[in-house]
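The sequence and structure come first.

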Amino acid sequence: PLAAAMQKFAHHKFVTGAVKGGAASGARGGGFPLNGKVMSGEEAKSQVQRWADYGCIEADAADAVKQSIDSLSQIDFSRHCFVLLGATSELGPLKTLMRLGATAICVSRSSATRWRSVLGIAREGCGQIIFPMSKEVQDEEQKSEAAGCDLLAQ
């Protein structure tokens, strides 16, 4: 069955697209977006504690988040690569990874609108994305139109 499927879809060829961000080098430390800004460090830990005090999250969850905020400051994300399946998802980690300067290999179905957003996030950050394209293009708008693949059908 696998050999037959590989033969059936052997005509699909992809090229590699890439976009590197233009922002200054990555932020260090954990944090999260809230009300239009990124909270990090002591400000983020204080907010997490307020949520725990109010009862929005359990105390042990708050402790774990505060610990991760501290431990993430020790990581140089520019030396790490992450694979994001479903990379165009709004709830995914792409924005955070680009803010931290990581490399993300992004896979998601073709949708020029969604890929335009993903490419914009990459350009605004300080990381880079690598992604499949159906054909070789150089123009940024054409990249969003050529980006993506369907893992189940291609």
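A residue is called buried under 20% relative accessible area, exposed over 50%, and partly exposed in between (1.4 Å probe, protein chains only). The model is predicted: local features need pLDDT of at least 70, side-chain atom pairs count only at pLDDT 80 or more, and totals for chains, interfaces and linings use all residues. Residues are numbered from 1 along each chain as its sequence is written, and side-chain values use heavy atoms, with hydrogens and water left out.

**Salt bridges**

Side chains of opposite charge can pair when their charged atoms come close. A salt bridge here is a side-chain nitrogen of Lys or Arg within 4 Å of a carboxyl oxygen of Asp or Glu. Searching the whole structure gives seven salt bridges. The table lists some of them.

| Pair | Closest N to O distance |
|---|---|
| Glu 42 and Lys 45 | 2.9 Å |
| Lys 45 and Asp 70 | 2.8 Å |

Helices (H or I, at least four residues) and strands (E, at least two) are DSSP runs, numbered from the N terminus. Glu 42 and Lys 45 both belong to helix α2 (residues 41–54), where a spacing of three residues separates them by about one helical turn. Lys 45 is buried at 14% relative accessible area, whereas Glu 42 is exposed at 56%.

Lys 45 also forms a salt bridge with Asp 70. Because Lys 45 lies in helix α2 and Asp 70 in helix α3 (residues 59–72), this pair ties together parts that are 25 residues apart in sequence. Asp 70 is partly exposed, at 39%.

Glu 141 is partly exposed at 34%, and Arg 116 is partly exposed at 36%.

**Helix α3**

Helix α3 has 14 residues and spans 20 Å from its first C-alpha to its last, close to the 20 Å expected at 1.5 Å a residue. That expected span is 1.5 Å times one less than the number of residues.

Which residues of α3 are buried? They are Ala 62, Lys 66 and Ile 69. Viewed down the axis of α3, these buried residues fall within an arc of 55°, so they line one face of the helix. The arc is that of the directions from the helix axis to the C-beta atoms. The buried residues of α3 pack against β2 (31–34) and α2, with contact meaning heavy atoms within 4.5 Å. Exposed residues Asp 60 and Gln 67 sit on the face of α3 turned away from its buried side.
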